[in-house]
Amino acid sequence: PRGTGDAVVVAATVHLEEEEYPGAGPRRVWQRLCLRSECGYEAAVADRAPGGQWWYDANQTGARHVTGQRARVRFTSPSRLFTAAPATGDLSFALDLDDGMGAARHTYFKAPSGGDFLLTANYWDGHDLSVESTIWELSSLGGSPSALARQQVGTRGATQWAACGNADGAGGTWLVVANFDGPSMAYPWHDSASLVDTAGGAALGGGFRGASGAACFDPPGGGGKMVAVSVYLDFGNLTHSTESLLFQWQGGAFGAAPVQRFPTVGARHVAYLEVGGAALLLFACEQGDSSPVYAWSSGASRFVALQEVPTRRATDSAFFTAGGYQFVALAQAGDCLTVRTS
């Protein structure tokens, strides 16, 4: 409120300047932002602008603005773990994963030497993409589930973990994390005591950015493990029309260069499927009109284009069997709605 010096913005309307239109000047795109706690955000008290004040800008047709230092906005909703009833499948809340703020995905991992782990890919904290992603150890001692945060791994906009068992052919396990705002990394897994060796990590493909997902699998044609990485954005050219990548274990590491590239448009997720003897890669493309499916060709020793599945803003996929049939579920997001004014 005016005069209190402690105003808190709970909703805002912002505009972005677009390119110049001939004879019309720049146009603005207005979009409403939700900064309320029920949307998962909270302005940290320590970051609130001291002495914030209202001021009047005659050039904005009477619009009022807040001045002062920029306030950080953080996620407040932790990820949650649920138990499933064996008889009915009904889910019941078990516990909050308090270090999982701003999480993008979780990946379950069964350690070779025993132990159940949950790999959390933390995308951001509401302010910064340079955050730590958590490795949880799961337990049900005493009859109730628990999750212990065992290790924090530095990531930059992490989107997904993938576990590659026996990646080196000698029983060694490697964990791959796809990072959107930094290089995607492959880390050796030591054991259930010392977990991930972060010092022994290596960047995939020389350190590209824009990764949105990863899938590790045994190559249909034999050889070392393969890792498919979906790429959402080409940072260099600022375009979603880019290439998702395929890497293979060679000479003690996942190759510095991809063994195959796949044209995709804003790919948000990649899945490896085995259907009726066919080995497939499905890229869920959010920014394109379709999501491509590639099939392994033994003759060509590579994946070849099989099908374009019509989709609208596809973000994820899941493969499952039910009632004797095999299904692929594709998640689709709604379009962003904006109002353009001249």
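Which strand does Ser291 lie in? Ser291 belongs to strand 24, residues 290-297; strands (E, at least two residues) are DSSP runs, numbered from the N terminus.

## Basis of the model

This is a predicted model, in which local features need pLDDT of at least 70 and side-chain atom pairs count only at pLDDT 80 or more, while totals for chains, interfaces and linings use all residues. Residues are numbered from 1 along each chain as its sequence is written, and side-chain values use heavy atoms, with hydrogens and water left out.

Ser291 counts as buried because its relative accessibility is 0%. Buried means under 20% relative accessible area, exposed means over 50%, and partly exposed lies in between (1.4 Å probe, protein chains only).

The side chain of Ser291 makes a polar contact of 3.0 Å with the side chain of Thr311. A polar contact is a pair of N or O atoms within 3.5 Å; within protein, one must be able to donate a hydrogen and the other to accept it, and residues adjacent in sequence count only if both atoms are side-chain atoms.

The largest nonpolar core has 18 residues. Such a core is a set of buried Ala, Val, Leu, Ile, Met, Phe, Trp, Tyr and Cys residues joined through side-chain atoms within 4.5 Å. Val176, Leu204, Phe208, Val227, Val229 and Phe254 have the most contacts inside this core. At least two core residues come from each of strand 13 (158-164), strand 14 (173-179), strand 17 (211-217), strand 18 (226-231) and strand 19 (241-250).

Val229 touches Leu204 and Phe208, and its other contacts include Ala211, Leu245, Phe247, Val270 and Phe283, with residues up to four places away in sequence not counted.

Four strands form an open sheet in the order 9-10-11-12, with antiparallel pairing. Two strands pair if DSSP finds at least two bridges between them. Strand 9 (103-110) and strand 12 (146-156) are the edge strands, each pairing on one side only.

Strand 9 and strand 10 are joined by seven bridges, and His106 stands opposite Thr120 in strand 10. These two strands form a hairpin with five residues between them, and Gly114 in the turn has a positive phi of about 105°. Strand 10 (residues 116-122) pairs with strand 11 (residues 130-139) over four bridges. Asp116 has Leu138 in strand 11 as its bridge partner, and Leu119 stands opposite Ile135 in that strand. Six of the seven residues of strand 10 are buried.

## Salt bridges

Side chains of opposite charge can pair when their charged atoms come close. A salt bridge is a side-chain nitrogen of Lys or Arg within 4 Å of a carboxyl oxygen of Asp or Glu, and the count by this rule is ten. Arg105 and Asp316 form one of them (3.9 Å, N to O). Arg105 is in strand 9 and Asp316 in strand 26 (residues 314-322), 211 residues apart. Arg105 is buried at 15% relative accessibility, whereas Asp316 is partly exposed at 27%.

Another salt bridge joins Arg268 to Glu286, with the closest N and O atoms 3.0 Å apart. Arg268 lies in strand 22 (residues 267-275) and Glu286 in the loop between strand 23 (278-285) and strand 24, so the pair ties together parts 18 residues apart in sequence. Arg268 is partly exposed at 29% relative accessibility, and Glu286 is buried at 9%. Salt bridges that share partners also join Arg156, Asp181 and Arg209 into one network.

Key:
Contact means heavy atoms within 4.5 Å.
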